[in-house]
Amino acid sequence: MTTAAACGVGRRYALLLALRDSEYARKVYGGYRNVFVAALGGVDGERWDCFRVVDGEFPAPEDLARYDGFVVSGSPHDAYGDDDWIRRLCALIQTVHAMKKRVLGICFGHQVLCRALGGRVGKARGGWDVGVRKVTFVHDLEGLEFLRNLQIDRLPKYASIIEVHQDEVWEIPPRARVLAYSEKTRVEAFAVGEHALGIQGHPEYTTDILHSLIDRLLRENAIHRCVGEDARRTMAESRGPDCRFWTALCRGFLNGGGSCSRSPAAPEVTSRAAVDCFAGAAPVLPLACSTRTGTY
């Protein structure tokens, strides 16, 4: 494979948005599509097609083979819900996984990827997790090519990431491997072979987006004030999320294990914070639709 091909030239990705743009995301970034492409894209020759699956917009079956990878976003909906679009999304994930296409699931996407491939998801035992959290990687991760080819000496023992969720993975899918965990969440990341990667946190989020989400969750009485205060404390006490590591991990996975430098022609981001950031077993419960929102 040539260096150009390894770095994504000519690659095509489908971004499956499971949420609608917030007022803040529209105003500051021009929508969540730009947030994702700023974080995960930016290589000359790449193409990112956006589908708002939350509104029933999906890639055509005959176009699936044209994509090198699929990214499933976070969402305020529950990954174990019975909404038609969620079931359709599960079926799409099963189809492209069988085609050996790379699927990256983030937050809700991490959970729905788990569900689609035979795992179990549900409400988090510890309730909402909001803020900057330290994630611990497991010791033995031999055999995963996309990790070995990231052009780093070794995976760090810890990496901080932004979390905004009250649902979690209970049981990983068959043949899946847990890659990372935290004090609050037993499965922060998992992989199924070389073609499925789930990350519970938000590699694409910046601290300004997190501040905006905390404000909105408090206004909507979705979280208690103490949860919001704790989230702000984690931002103040940490050095912020390890954005460079997480975005390199995601890009390396999507590019088939290669690590690429960002192109000077990468999309502009209008937020200064974005520029800084990017430079025992749980009980098994039946899957059911919940009226409460779980992930953003």
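Predicted model: local features only at pLDDT ≥ 70, side-chain atom pairs only at ≥ 80, totals over all residues.
R232 counts as partly exposed, since its relative accessibility comes out at 29%. The side chain of R232 meets that of D215 in a salt bridge, with N and O 2.4 Å apart. D215 belongs to helix 7 and R232 to helix 8, so this pair ties together parts that are 17 residues apart in sequence. D215, at 33% relative accessibility, is likewise partly exposed. Salt bridges that share partners also join D129, R133, D230, R233 and E237 into one network.

What does helix 8 itself look like? Helix 8 runs over residues 225–237, 13 residues in total, and spans 18 Å from its first C-alpha to its last, close to the 18 Å expected at 1.5 Å a residue. Its buried residues are G228, A231, T234 and M235. They sit on the same side of helix 8, because the arc they cover around the axis is only 120 degrees. The buried residues of helix 8 pack against strand 6 (129–137) and helix 7 (207–219). On the face turned away from the buried side are the exposed residues R225, C226, E229, A236 and E237.

Back to charged pairs: the whole structure holds 15 salt bridges. One of them joins D55 and R20, with the closest N and O atoms 2.7 Å apart. D55 is in the loop between strand 2 (47–51) and strand 3 (69–72), and R20 is in the loop between strand 1 (12–16) and helix 2 (23–29), so the pair ties together parts that are 35 residues apart in sequence. R20 is exposed, at a relative accessible area of 51%, while D55 is partly exposed at 45%.

Another salt bridge pairs D21 with R52, whose closest N and O atoms are 2.9 Å apart. Here D21 comes from the loop between strand 1 and helix 2, and R52 from the loop between strand 2 and strand 3, so parts that are 31 residues apart in sequence are tied together. D21 is buried, with a relative accessible area of 18%, whereas R52 is partly exposed at 23%.

What about the cysteines? The disulfide count comes to zero. C114 is buried, at 0% relative accessibility. C250 is buried too, with a relative accessibility of 0%. C226, by contrast, is one of the exposed residues of helix 8.

Terms used:
Residues numbered from 1 in each chain as written. Heavy atoms only, no water. Disulfide = S-S within 2.5 Å. Buried < 20%, exposed > 50% of the residue type's maximum accessible area, 1.4 Å probe, protein only. Helix = DSSP H or I, 4+ residues; strand = E, 2+ residues; numbered from the N terminus. Expected span 1.5 Å × (residues − 1). Arc of directions from axis to C-beta. Contact = heavy atoms within 4.5 Å. Salt bridge = Lys/Arg side-chain N within 4 Å of Asp/Glu carboxyl O.
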